Amino acid sequence: MSDFIERPSRRALLTGLAVSPIAVAGIGSFSGTARAQAQAAGLISPNVCMVMPEVTEGPYYLDEQLVRADITEDREGVPMRLRLQVVTADCTPVEGARVDVWHCDAVGNYSGYATQGSDGTNDTSEQSFLRGTQMTGADGVAEFRSIYPGWYRGRTTHVHYKVFLDERTVLTSQIFFPDALSQYLFQSVAPYNDRSGAERDTMNSNDGIAKQAGEGAYAAIREQYDYYDAALVVGIDPEATSSESGMGAGGPAGGPPTSGERPDGPPPDGMGGPQEGVAAEVFIPGRTATE
């Protein structure tokens, strides 16, 4: 079958996945049909929204060209494999795209900057943890080994990323995670729960950037024996140019608030009921039930 005939079919499949009424934020929340459709299209996740909307670069981008798959360094936390599959709007994988990711550690610190931490006194300016660059393979996938990200006041749990083609940034955006899983980890697992007196104030529902990014920005999470697998299909326009800076180093563009004030109003009254597809007891990869 010719590529000319095949591509409209794949585009229609992708569109169908994007608008189908499936939960996008839970563990195991995708139907078997949705997963089969995604696999048939060569996608690593049925969590699809084409083309991904651009959102703010946020804090604290550094172009250190750390080409590495394992970005953990010395950070403790629940292991996570993060896979981003870069595709065009017709489901075609983009080979050779540069993908940069960065995120905070289990207690809310970014590397590479002073004035980190809830009291603004932690200096990580000589460190490079939880930052890295990978090039996509023939399947459009860039893969990183990291830890599940923590949180800081004023933002929900997230990972930042950029996609480059040649010397041009084509997309700057963020990845989000299911609140029920995040809350369980932050309350029950060290070092996430070692933050004495710190209370998480922002969930997905009241994070303005998460709302802007939309449902397609939520990672599909699957439990493995000793890590979580987080996957996201990232649709790009190859002709686009990101409005959120280029390849050079970026300073803190609106760092973590220190006052506890948020643009999106007060936090919700509790977590509410469990999200669809998320069990009441959450399996922690690599840990026994008694740990």
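## A contact at Thr172

The side chain of Thr172 reaches the side chain of Lys162 in a polar contact of 3.1 Å; that term covers a pair of N or O atoms within 3.5 Å, where within protein one must be able to donate a hydrogen and the other to accept it, and residues adjacent in sequence count only if both atoms are side-chain atoms. Thr172 sits in strand β6, and it is buried, with a relative accessible area of 0% (buried means under 20%, with a 1.4 Å probe and protein chains only).

A quick word on the model: it is predicted, so local features need pLDDT of at least 70 and side-chain atom pairs pLDDT 80 or more, while totals for chains, interfaces and linings use all residues. Residues are numbered from 1 along each chain as its sequence is written, and side-chain values use heavy atoms, with hydrogens and water left out.

## The sheet that holds β6

Strand β6 belongs to an open sheet of four strands, ordered β3-β2-β5-β6 with antiparallel pairing. Strands here are DSSP runs of E with at least two residues, numbered from the N terminus, and two of them pair if DSSP finds at least two bridges between them. At the edges are β3 and β6 (168-176), each pairing on one side only. From one strand to the next, the twist averages 20 degrees (axes are lines fitted to C-alpha atoms, and angles run from 0 to 180 degrees between N-to-C directions).

Inside this sheet, β2 and β3 run antiparallel and are joined by five bridges. Val99 stands opposite Gln134 in β3.

## The other sheet

Another open sheet of four strands has the order β4-β1-β8-β7, this time with mixed pairing. Its edges are β4 (141-147) and β7 (220-223); each has a single partner strand, so one side of each is left without a neighbour in the sheet. Strand β1 (residues 79-87) runs antiparallel to β4, and seven bridges join them. Pro79 stands opposite Ile147 in β4.

## One cavity

A search of the whole structure turns up one cavity of 30 Å³ or more. A cavity is a set of points on a 1 Å grid over the protein atoms alone where a 1.4 Å probe fits but cannot get out, and lining residues have an atom within 4 Å of a point. The largest cavity has a volume of about 70 Å³, counted as the space filled by probe spheres set on the points. β2 (98-102) and β3 (131-135) are the elements that give two or more residues to its lining. Among the lining residues are Tyr61, Trp102 and Arg131.

Note on methods:
1 Å grid on protein atoms, 1.4 Å probe; cavity = no way out; pocket = protein on both sides within 12 Å on 5 of 7 lines; lining within 4 Å. Buried < 20%, exposed > 50% of the residue type's maximum accessible area, 1.4 Å probe, protein only.
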